[in-house]
Structures are given as C-alpha cells and as structure tokens.
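Hi,

Here is the structure I promised to hand over. Please open it first, then read my notes below.

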Amino acid sequence: MASDPHSEEDGAKPRPKQRYRIRRFFLSIDALVDTGLWRAWSVIRRSWEIYDGFLRRFRAKGIWRALAELSSDALTYGAIGIVIVLAFAQPAFEATRYADWKTTDDFAVTFLDRFGKEIGRRGIVLNDSVPLEEIPDSLVKATLATEDRRFFLHFGIDFVGTFRAMVENARAGGVVQGGSTLTQQLAKNLFLTNERSLSRKIKEAYLALWLEANLSKQEILKLYLDRAYMGGGVFGVTAAAEFYFNKNVRELTLAESAMLAGLYKAPTKYAPHINLPAARARANEVLTNMVQADLLTEGQVIGARRNPALAVDRSQEQLPEYFLDWALDEVKKLARRNPALARDRIVTVRTTLDPALQRQADQAVASVLRENGKLRDANSAAMVAMIPDGAVVAMVGGSNYGESQFNRAVNALRQPGSSFKPFVYMTAFMNGYSADSIVPDRPFCLGNWCPRNYTRSYRGAVTLKLALTKSINTIPVRLAQAFGREKIIETAYAMGLTHELENSVSLPIGSSEVSVIDMASSYSTFANGGYKAKSYAILDVVNSNGEVLYQREKDEPPAKRVLPEDKVFEMNDILVNVVEAGTGRRARIDGVVAGGKTGTTNAYRDAWFVGYTGNFTGAVWFGNDDFTSTRRVTGGSLPAMAWQRFMAYAHNGIELVSMPGVDAENLPRLASPARQPLATTNVVAIQPRVLNRRTQALLLEIGAELRELSGQQDTANLPDTTSTDLAAAQ
C-alpha cells in the first residue's frame, strides 16, 4: 500500500479543530478585557457626572472662584510642606528624649595657676538659683519688651510679630527687628547652634511648639533668663548681674536691668566691660521699648536715662586668654576618658601656668613686634614655653586677643623651615650616621627640584655637625634619600609632632606644616634626655564638692623613652653649637647653656626659633596671618630675639639644670673668666615670680618697721641691710 507523503507533516501541525479552539480562547479573553474596561469607564464617567452635578450646586463665580482655587491650592501645598519640614525637624526632637535636657552639658571651669591662684574662668558661668518670683520686675519687663512683647499671647510662633518685623525691616532696608519669639530663642539655646540656615529655623519652630506643649509660660521665661548668653562667658541674668555689676540679681536697678536686657541681641557688641558707650545706648533703646510696650511710662524711665548703669571696670584684667582657651579644650579631652569628670562639670583646675613667665612671654613678643614689626612687615607671632616634661608655663597665641581669638600657638599650621632639620639628623644618627660623618654639599636635583643653600654657595665635603650648625639644605635632602623619608616621619611623630606630614621631596628642609606647641614638645625630647614630652596644662582637677577627680602625678603613666640617650647627647652637642657659633647666636643667654635651631621658609613667610635649656623649652614663630612675605625676617632675628628675652628672665635666679650630654666647662663663652662676674651679678637680683618689684620693696619696708616695733631689729646693721634689700628689689 502506498504511503501518504503528507502524513508526517500533518502529524507535526495542530489540527484545524485545535487551532479553532485556541483562537476562540484568546478572542474570549480579549472580549472580557474590553468589556471590563468599558464597564469601568462607564462607572467612572457616571460617578464623575454625579460628582460634578453635586458640585454645580456650589459653583462660585468671579472673585469667589479665585479665592476658592487659591485656598484649595494653599491647603494642598501647605499639607505637603508640613510633611516635608516635619521630616527635616525629626533630628532636633532626638534631643528632647533625654531626661536631663534642661541641664547644661558644658563645663564651668575655674582655672588656677601652678601656685593655686585664680587666673580666669572658662565655659558656662551659670547661676540659676534665683526663682522667677525674686527676679526684679524691671528686668522681666525689659526682657519681654525687647525680645517678645506678645509672649503670653502666642503658642511658640508669633505670626503677627513675624509679619510686623518683616514690615519694619522692609522700611529700614535691613534687619532691625527679629521675628523669633522668646520660646524659639530658648529652643535654639537648649537644643541647637547659631548656624544660619533654613533647616535650623525649621527645627527651631517645631521645638518651640514642643516647649509650649510641655512647659508653662513661667517655666519657659525662667529657663530663658537662666540660659541666655550675656557675654564674657556668662550665661543667665543671675550670673551676669554678678559679673557686670558685682551685685545680686535681686538688687538690680532699672538702668542695670535695661543694660542686661540689651545684651540678648549681641552680647559681644554691647558688653559694658568692652564697650560701655554702646551698652548704654542699647540700654536706652530698651527703655524706649518698655515705654512703647506700655509696661512703663516715660516719667518712670527718665531717671534711668539720666543715670545710666556703670559696670565693673575689667579692662585692666590681664588674663592668659590663649592659654585658658587651650586649657578648656584639654579639660574636655580629659573628660572623654575620665567618667567622674564627665559627670561633674563644675570644676576647679590647677594648671601648669606660671603667671610671671606668662607676663614675660607677652612682653617679649609684644616688645619685639612693637620695635621691629612695621619695619620688617611682620604683624603676628606666637610662643609656647614649657618645662622639658611638657608642662606649658606660658603661651602667646597672637599679638592681640581682643582683635583675634585664633590661637596661633596651637591651631595654626605653618612651615617650620630649617627648624625641622633636627628630626632628619636624629633619624640619621639612629641609622648608622654620627656627628662626624662626612656628606658632600654640592648641587644635585630630584626630578625638577634642585635644593639650594641660603648662601647660594656650596662647601664640599662637610661633617653633619657643621651641616646642621650652618643650616645647609642639600645635606638633609641627601640623608633622606639614603635612608628614606618614611623613617624621618616616624621619628617626628615619636618625638611629638601630631599633624600629618606630607611625604614630599622637600620634607627634610621643612615644607610640611606643623604647630608651635608641637615643635616645643618635640624639642623637649632633646632637653630631657630622650623621653617623650607631650604638652599638658592640667595638674589636678577638683569638683564642686572638693573631691579630687584627677591628679596628673597619679593618673598618668611615666614618660616613655623615644630616643636613644647617646644619640640625644650627640644632637644636643650640635644644637648648642648652633646657638654658640651658628645661626642662633642671638639666642645666647649669659651663664646658661642653650641649644636650638632657626627656621626660615621661602619668601620669608615664616620665621622660627625653637630652643631649649636644661630648665625650659620654647618655640617662637613670627610672620603674617595672610601668609604674605615679611621683609627678610629670619629665624635668627626676631624669633631668636624674643626667645632670648623670655629665657633670660626665666633663668634669672633659679637653679640651673645641666643640658643632657653637654659639659658647660667645655664651652669657651661660659668658661671665660671675664663672663663669670656677670653671671654672678645676675643671681643677686632674684625676684619671686609671683611678686613684682614694687610689691617686694613694700614688703621689705613693712618687715623693717615690724622688726623695729618688736625690738628685734639690730639698729647698727639696719641701714646697710635695708639698703641692700631695697637695692636688690629695685
């Protein structure tokens, strides 16, 4: 039987009946979808017609339609805006979860010098012990009239007051009134910073609403009076009354209340101990506000206008401001690792400061700037002096604290120039070199950079001692190429530098920036024989109950050796030679062995002298804050002069500590017989550092009178003794 040639092909394809069923299935799905969409659209259209027909009953025309549209859009976008700003405000509400948000988290520190005498205060000076009922009515009215006249009418945000402030500012063409309520200001004081941004204002507004919901108006007013910053490191009206007027807040007069109320706006600008005329003018504005707010009559304020308040004169107080700022930072650092100090924030701190040495440091820097600053185009300077264990005894952070509170001794980073070279040479000594090692001083280049000497000349083969004494630039660069710059950086960090050093080809000659206080700490390692000398300001801390929270002698580990003793001896011999016969000759002190190194950067932008004796280490920097060039100021000129003036005073009449590894008898200048009488003469004029000369002379006279009255005075010897003592005092 013959086979069908199409039988296999037909078996591979669906039969006609099957294809029909598949097509019918898909057509039914399509019809179902079409029907569903049509019915849904019909329902929507019918619903819209019903809804539209219902709204036609309320159809507005003309102005009413425009108002309705605007109101509708305003509600819609307002709701969206509220959600957005609430999201921004969420971080601020985290602070309200703490149970102690009403208390301050800053320190109130009373600082004492190394002898136990108060030298200043820092942090919050806060006194909230006086209840609201006992605060003078004049001060409360002055506060409300100036800061928030509608305080008892609004709910934390005063839209009426904000609109009025906007109108007044528009009329004046500038900001003459603020729109923040007293509650908003309190929210900022408690939870936020002074940052000027939209996000901060959003947080402030929400926190003000939160405060109004959780506190009464009286509680808000009391917190504001206790927390407002009043200038001079003082917070709250109670502490401000004591600071500015030396009286209890309960005793304030109307004129004094007006002056305090005027501080809320700009406490630094209107502080009476800084600018009394401006403070009085502002107080007069406050009195006017009280009259305009119908809180007082013009007749009631006329007496305060004619007899303005007189604040305590604090212009003569010479405080170690830069040191106190740095010491407060050190207290905060100590609190991070001392739980007891972190809990008790009202403390008394005995510091390492020596007030007599601080005055001399101020005078040394100021006199050198006054005599040479304009002539040499140098307007700024910094100095740090410390005992070789790291205890800072004096600090000068700039030429005028009133003009600039920036501490150049701690926070400024400047190129050290050749004063960095001892780190290079010490690294060389620890890697097989010695002071007598010979290295060639001749031209060479590293890529496109060719180091040159200050004299633009070369000496050929020289010892390392001569190279450092004469501050040759090519030698430290050659040494760095020999053993690697990484080892230099390691040595510098070990000795006390804390800021990051840039590993560049010019690192060995001082191109990487450092701070003055770090340079003093690092050189102290030479002065103490090789032990790390981290700078410190705190000797002990006592809380408000008299409990000792910290004692350096007990709570700090002993100093760690970071340099080999024999290498330190070798370095000291060279750095003493720098002062005796090198670039630091202006730093020499009669009768005292001193070592150190000068430093001068490109274009004379920075000039350094860092030096030390067995008793003290000091680092001095001169230059300009804007990095402009000076008129050829080198490290061996103004910095060395200021260092010498300070150190000559500091070593007067004290027991000299020998320089590690240096024999003073081998120094020709100190061993010369002609110099011995001068050194002996200097010892005669010994003055206690805590007393000035006039005070000591007065005490000697009183002592003589007392001896005469008691009958114990030897009348035969009295004239000579008194004359000698007074001569020494004078």
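β6 (residues 380–386) and strand β7 (residues 392–396) pair in the antiparallel sense, over four bridges. Strands here are DSSP runs of E of at least two residues, helices are DSSP runs of H or I of at least four residues, and both are numbered from the N terminus. Two strands count as paired if DSSP finds at least two bridges between them.

A word on the model. It is predicted: local features need pLDDT of at least 70, side-chain atom pairs count only at pLDDT 80 or more, and totals for chains, interfaces and linings use all residues. Residues are numbered from 1 along each chain as its sequence is written, and side-chain values use heavy atoms, with hydrogens and water left out.

**β6 and its partners**

Back to the pairing with β7. V384 has M395 as its bridge partner in β7. The hairpin of β6 and β7 has five residues between the strands. In that hairpin, G390 takes a positive phi near 110 degrees.

β6 also pairs with strand β14 (residues 617–623). These two run antiparallel and are joined by seven bridges. In β14, T617 is the bridge partner of M386.

Is β6 buried or exposed? Seven of its seven residues are buried. Buried means under 20% relative accessible area, exposed means over 50%, and partly exposed lies in between (1.4 Å probe, protein chains only). S380, A382, V384 and M386 point one way from β6. A381, M383 and A385 point the other way. Both sets are buried.

Helix α8 covers residues 217–227. Nine of its eleven residues are buried, so α8 is largely enclosed by the rest of the structure. Among the buried ones are K217, K222, D226 and R227. I220, L221, L223, Y224 and L225 are buried too.

Helix α6 (residues 182–191) is also largely enclosed by the rest of the structure, because eight of its ten residues are buried. They include L182, L186, L190 and F191. T183, Q184, Q185 and A187 are buried as well.

**Two loop residues to look at**

Most residues other than glycine have a negative phi. Here are two with a positive value. N246 has a phi near 55 degrees. N246 lies in the loop between α9 (237–245) and α10 (254–261). N246 counts as exposed, at 58% relative accessibility.

Y604 has a phi near 60 degrees. Y604 is in the loop between β12 (595–600) and β13 (606–612). Y604 is buried, with a relative accessible area of 16%.

Best wishes
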